[in-house]
Amino acid sequence: MPGTGRIWASLPIPALLLDHQDRITNINPAAELFLNKTIKGLAGALVYDKLVIDAPVEEALARVRKNRSPIFVNDVDVGTGERAPVECNLQIAPVANDTSQILFLVSPREIAGRLGRSISADKAAKSAIGMAEMLAHEIKNPLAGITGAAQLLSMNLPKEDLELTDLIVAESRRIVKLLDQVEQFGNLRPPQLKPVNIHDILDRARKSAIIGFAAHMTVKEDYDPSLPPAYGDGDQLLQVFLNLLKNAAEAAAMDSGEITIRTFYEPSLRVRRKGEQAFRVPLQVEIVDNGPGLPAEIADEVFEPFVSGRENGTGLGLALVGKIIAEHKGWISVDSVPGRTVFRISLPVAPKHMQQDLDKETR
Ligand SMILES: Nc1ncnc2c1ncn2[C@@H]1O[C@H](COP(=O)(O)OP(=O)(O)OP(=O)(O)O)[C@@H](O)[C@H]1O
Ligand SMILES: [Mg+2]
């Protein structure tokens, strides 16, 4: 596959290729940097002779070979014999179509952290997103070529065959849309926190919803007008509410769908994250719909990337919402039974001394 060499070279995670006896056959530039050695000095060496890993790696490799499925080993110290060990996550996977080879990724924790932070602690999902991002970028160019070629082909085709080229074009567009979303997920900048009026943001979301994807629904408001300003990034929160409204609209029945946007204050609500002090998140926004509820088989993992219960869904909507809210030091929860699904966002209040300077765009 053209381009895979470039992916291998640009992969920012140290990666090693192992043969059927756990010997190193290739390493990417990131691994050369990490190990401070070139492939010449490593080729043919047993991986556990060159990397000092504080985990039973031989066993893990044997299991990967036996089950032909990847294994993730998180939070292990990896040393090279030359310098202090670094805390890493390992991803060990069989190479597709080549049963003898194994791909061995060593992600130092600080890189794993940069690849994307979702609300869940599932580090495997994080690196999946990082990989997907790079692949998204690589796949888009050839895809544009395929679409262009199909369009050229269609000019000389009899009418009955046009359906096929139309299908190529339509499906390629669908892939591009998915890739765009993957890239958007990866490119998310940290929120620029300012005092924002949550009701103004909700109104903007509601207006786009009722002239667009929620045109077939009743959208009601139940606001507590006395809410103090939230501490958030207006554009990112707009994206959050739009995604939640869109999901509610997509789940709803065609004729009797109803969404309620509710806000209220709950002074006692706090979030405590690992290693941090408890943090007050008293501003509550609920998006309530009367649709069928979350599909039972995915209800526990709707915030994970690529989990979707809809035929055309990418499964990135709620993962993005979770990521944004986590970066706001907020909290998201869901309560769903058939006929009533409630997504609740809990946000911090803007610090007192800043509350006068309400962000102008959202005033
Ligand atoms: N209000 C809701 N009612 C019922 N099911 C929901 C609701 N919100 C989300 N879901 C379920 O959760 C899944 C995941 O939602 P998410 O927004 O992450 O992805 P998606 O909507 O499938 O795709 P995308 O948002 O990328 O178009 C949905 O496919 C749907 O099955
Ligand atoms: Mg969605």
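This is a predicted model: local features need pLDDT of at least 70, side-chain atom pairs count only at pLDDT 80 or more; totals for chains, interfaces and linings use all residues.
Me: Which residues of helix H8 are buried?

Reply: The general idea is that a residue is called buried under 20% relative accessible area, exposed over 50% and partly exposed in between, with a 1.4 Å probe and only the protein chains considered. Helices (H or I, at least four residues) and strands (E, at least two) are DSSP runs, numbered from the N terminus. In this structure, the buried residues of H8 are Thr165, Val169, Ser172, Leu179, Val182, Glu183 and Phe185. Residues are numbered from 1 along each chain as its sequence is written, and chains are lettered from A and ligands numbered from 1 in the order in which they are written.

Me: How many residues does H8 have, and what distance does the helix reach from its first C-alpha to its last?

Reply: The expected span of a helix is 1.5 Å times one less than its number of residues. H8, residues 159-187, has 29 residues and reaches 42 Å, close to the 42 Å expected. For H10, the 18 residues should span 26 Å at 1.5 Å a residue, and the end C-alpha atoms are 26 Å apart, which agrees.

Me: Which elements supply at least two residues each to the shell around ligand 1?

Reply: A residue is near a molecule or strand if one of its heavy atoms lies within 4 Å of it. Helix H10 (234-251), H11 and strand S15 (340-347) each supply at least two residues of this shell, and H10 gives the most, with three residues. The residues around ligand 1 number 22, and Asn247, Ser308, Gly309, Thr314 and Leu318 come nearest. By class, the shell has ten nonpolar, ten polar and two charged residues, where Ala, Val, Leu, Ile, Met, Phe, Trp, Tyr, Cys and Pro count as nonpolar, Asp, Glu, Lys and Arg as charged, and the others, Gly among them, as polar.

Me: What polar atoms lie by the oxygen atoms of ligand 1?

Reply: A polar side-chain atom of Arg310 lies 3.0 Å from an oxygen atom of ligand 1, a backbone N or O atom of Leu316 lies 3.5 Å from an oxygen atom of the ligand, and a backbone N or O atom of Leu318 lies 2.8 Å from one. Taken alone, ligand 1 exposes 600 Å², of which the protein buries 93%; such areas come from the Shrake-Rupley method with a 1.4 Å probe, and for residues only the protein chains shown count as cover.

Me: Is Thr314 buried or exposed?

Reply: Thr314 counts as buried because its relative accessibility is 18%. Thr314 lies in the loop between strand S13 (283-289) and helix H11 (317-327), and a polar atom of its side chain lies 3.1 Å from the backbone nitrogen of Leu316. Leaving aside residues up to four places away in sequence, Thr314 touches Leu178, Gln181, Phe306 and Ser308, where contact means heavy atoms within 4.5 Å.

Me: Where does Asn28 lie, and what does its side chain reach?

Reply: Asn28 lies in the loop between strand S2 (24-27) and helix H2 (29-35), and is buried, with a relative accessible area of 0%. The side chain of Asn28 reaches the backbone oxygen of Leu11 at 3.4 Å.

Me: What is the phi of Asp75, and what is that of Asn97?

Reply: Most residues other than glycine have a negative phi. Asp75, although not a glycine, has a positive phi of about 60°, and Asn97, also not a glycine, has a positive phi of about 65°.

Methods: Side-chain values use heavy atoms; hydrogens and water are left out. A polar contact is a pair of N or O atoms within 3.5 Å; within protein, one must be able to donate a hydrogen and the other to accept it, and residues adjacent in sequence count only if both atoms are side-chain atoms.
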